[in-house]
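Colleague: I have the sequence and the coordinates open, and I'd like to go through a few spots with you. Could you take my questions one at a time?

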Amino acid sequence: MTDTSAPIGLTAARATPAAERDPKQLQRWIFVGLFLFLCAAPWFAYPIFVMKILCFALFASAFNLLFGYVGLLSFGHAAYFGMASYVAAYTAKFWPVTPEIAILLGTATATLMGLVFGAIAIRRQGIYFAMITLALAQLVYFFAIQTPKFTHGEDGLQGVPRGYLFGIFDLANDMTLYAMVLAIFMGGMLLIHRVIHSPFGQILQAIRDNEPRAISLGYRTQRYKLLGLVLSAGIAGLAGATKAIVFQVATLVDVHWSMSGEPILMTLVGGMGTIFGPMVGAAVIGVMQNYMQGLGSWLTVTQGLIFIFCVLAFRAGIVGTIGRLIRRDI
Amino acid sequence: MPDGTRPPRLTVDGLNAWYGPSHVLFGVSFDVAPGEVVTLLGRNGAGKTTTLRALMGMLPKRMGSILFDGVETIGLPGRRIARLGMGYVPEERGIFASLSVRENLFLPPEIAPGGASEEEIYGLFPNLRERRFSRGTQLSGGEQQMLAIGRIMRTGARFLLLDEPTEGLAPVIVEQIGRTIAALKAQGFTVILVEQNFRFAAAVADRHVVMETGRVVDTIPNDQIGASMGRLRGYLGI
Amino acid sequence: MFELIGIPPQALLGQLFLGLINGSFYATLSLGLAVIFGLLHIINFAHGAFYMLGAFAAWFGLTHFGIGYWSALVLAPLIVGAAGIAVERLLIARISGLNVLYGLLLTFGLALVVQGLVRNFYGSSGLRYPVPADLAGGKNLGFMFLPWYRGWVLAISVVVCLTTWFVIERTRIGSTLRAAQENPGLVEAFGINVPRLVSLTYGVGVALAAFAGVLAAPIYSVQPEMGADLLIVVFAVVVIGGMGSILGSILTGLGLGLIEGLTKVFYPEASNVVIFVIMVVVLMIKPEGLFGSAQ
């Protein structure tokens, strides 16, 4: 009986009693612990695998910035992730640019797409927003199919060189690459953390909880929502572009609608509207995908079942549930 | 008049109800005899409409006892309570905008034999016949009220809950509604009436149950209303 | 033989006709989505999966039990509709009252499960379903060739859509449905079993999708993803038309199919995306959709 009156946004995961206590302190310590843990991670886990999870954790966190904190469910984040991935892969492969420039170009592309798509999709809310973003992402998918000169069609862009970071550090070395990915991941996460706790982020959450009220307080909510979407798209693009350099490929899989489902699932599992939920979800789903490799469609079935289970019985997600137990927003 | 020998048709005992987390009815108790017209009086927010909604099973959480014709309805869903013979005319009349007048009239299923026929309803409210193919919300307020009452008379329910049937209506329409309620009473219908219009209530009712902040605070038979006027003024702030 | 801007009329009319066939699928599916949305306030992301199940059930019945096309046209919607009722009772009913986005996520998960299961057992290459013998062949009308089966698909789709409209707008059960869309609590207080009406509505909505799936089986190859890709286009159709009007859904579906057919003739590269582009344009001009009302 707890969630029946949630007209805007999905506020289920919020640990409201904790609102009085400042959650930032705890979150900072968790960030410190996370950083130390990730510094140590390549010594006990495959660096490539950890980097994959970091890319998807950033992707899911970008999605959650929009879903969990603005209340907009985007079903088309693959468009930003995938296009940034193509742009980074293409520029790294065919242009004389260093990898960080390629990643920046990919991120910029996604940001710009976020601005254009946002201006269109923001005109509707709720389920319409979800359907529109899905349709726009499908537009991008068909664009990718029909421009084989750019995307290399079914084959995708393969053999993308990792190159030299700033023209100096050889990213062919997994550890160097790992350091770069870790820096990007931490940078992206801290940016999201910063945004959420900024006055701008507070307004976004006010819009999520009660948009008519935010409007009556004089906020031009459409602009805030659009800016939230642009940020989310840009960070999703950062994740996609980084992934393209790490795995040295960009393919149609990255822009397919099923890719848009990934961050949704990760966010749902980890806890929507929590800072650390999406990355926990990304780790859980990443490990699961790893173990279920070769089981083909059973993976899809399992993911579908997890969706159903989370919606029916586990709406707060892992981190949201922990947050409720310890009465803190994390 | 309650004759004391027949058991009451409705006995409400210690009714508590909640809207979400907020507790809105606190131990409401009263009963209604067969053929009686009882009004619920009180200021805005006293819990009159909520009481009707609780009787109809429309509140998610209720406790206490509601005995209707000997059946405990506190745990029953609304549709089962309606099927026991309780007809409901909600506040604001509840006319469906996407349905024509005739569709509105035929929406509630017949729950007992002996309901008014379509012709009888048009005989009572001739305006409805002319407008039977109009959209429900194209009617005037008075016509909507007639439709809402006619709609429930068609079902054969003999126990009616009327929520502010005179609200916002012109005096001539209020008079017609008053005649209708008197006619229903003459036919042996039992009625619970929520009313703000005290003069209207005094003209049609046998008994007045006064509510304040979700509680029953007084019960005044209509024949003692003159003597209790001072008390009533205090309750109602008139 | 005259030519229209370099296009022979045979090709033009043929493509327009194909467009109408596609449009009839858009119409049937968006109609089902709109009916479900009207009462349940969820967008049924599993709609494409149920469409695929309809086609798949027809194939399965023919392959394993020798059940022919005409029986499948009746049986598949019944079976899938029953499955839909079970899904509503067991899953969707549990989240009523929650934010509507949960319905989208739940049915998305359901679609993944159904598609994954079918792909797991039958692979993702298309299964062939023959055109029923009664409707094989066609007739040359002089200005175009009309395959009987496609003519049948168009005709029966229009009949089914108009019947749905008639039932909702002109019958007693339809008026109950409309009333329940407006104020379910009051309808329940009149003695009507609203939860059962909700289950039934979902069942009928997905049965419509399954019916479309059976119709599609001899035209498109039967494969697990056939509904998912189609559904995304149908979402765009729904955004363009708005979900307020039944006739609006039908007209929008057929009209967009026609436009898609035209695009195939004049600018084939854009035919995949033309509906999405129209969606963008409509959102710029009339965000609530052609037949929608501003909330």
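Colleague: Is R129(B) buried, partly exposed or exposed?

Modeller: R129(B) counts as partly exposed, because its relative accessibility is 33%, where buried means under 20% relative accessible area, exposed over 50%, and partly exposed in between, with a 1.4 Å probe and protein chains only. This is a predicted model, in which local features need pLDDT of at least 70 and side-chain atom pairs count only at pLDDT 80 or more, while totals for chains, interfaces and linings use all residues. Residues are numbered from 1 along each chain as its sequence is written, chains are lettered from A and ligands numbered from 1 in the order in which they are written, and side-chain values use heavy atoms, with hydrogens and water left out.

Colleague: Which side chain does R129(B) meet in a salt bridge?

Modeller: The partner is E119(B), at 3.2 Å from N to O; a salt bridge here is a side-chain nitrogen of Lys or Arg within 4 Å of a carboxyl oxygen of Asp or Glu. R129(B) lies in helix α5 (residues 126-130) of chain B and E119(B) in helix α4 (residues 118-124) of chain B, so the pair ties together parts that are ten residues apart in sequence. Helices (H or I, at least four residues) and strands (E, at least two) are DSSP runs, numbered from the N terminus. E119(B) is also partly exposed, with 47% relative accessibility.

Colleague: How many salt bridges does the structure hold over all chains?

Modeller: The count over all chains is 18. In chain A, E211(A) and K225(A) meet through their side chains at 3.1 Å, N to O. E211(A) belongs to helix α9 (residues 211-216) of chain A and K225(A) to helix α10 (residues 221-247) of chain A, so this pair ties together parts that are 14 residues apart in sequence.

Colleague: And are those two buried or exposed?

Modeller: E211(A) is buried at 7% relative accessibility, and K225(A) is buried as well, with a relative accessible area of 2%.

Colleague: Switching to strands, how much of β7 in chain B is covered?

Modeller: Strand β7 (residues 159-163) of chain B is mostly covered, with five of its five residues buried. F159(B), L161(B) and D163(B) point one way from β7(B), whereas L160(B) and L162(B) point the other way. In a regular strand the side chains alternate between the two faces of the sheet.

Colleague: Which strands pair with it?

Modeller: Two strands pair if DSSP finds at least two bridges between them. Strand β6 (residues 86-89) of chain B runs parallel to β7(B) and is joined to it by four bridges, with V89(B) partnered by L162(B). Strand β8 (residues 190-194) of chain B also pairs with β7(B) in the parallel sense, over five bridges, and there L161(B) has I192(B) as its bridge partner.

Colleague: What about the open sheet in chain B, what is its strand order?

Modeller: Four strands make up that sheet in the order β2-β1-β4-β5, with antiparallel pairing. β2 (22-32) and β5 (71-72) of chain B stand at the edges, each with a single partner strand, so one side of each is left without a neighbour in the sheet. Strand β1 (residues 10-19) of chain B and strand β4 (residues 61-68) of chain B are paired over seven bridges, and N16(B) has M63(B) as its bridge partner in β4(B).

Colleague: Last one, how many disulfides are there over all chains?

Modeller: The structure holds zero disulfides over all chains, a disulfide being a pair of cysteine sulfur atoms within 2.5 Å. As for individual cysteines, C310(A) counts as buried at 3% relative accessibility, and C161(C) counts as buried at 2%.
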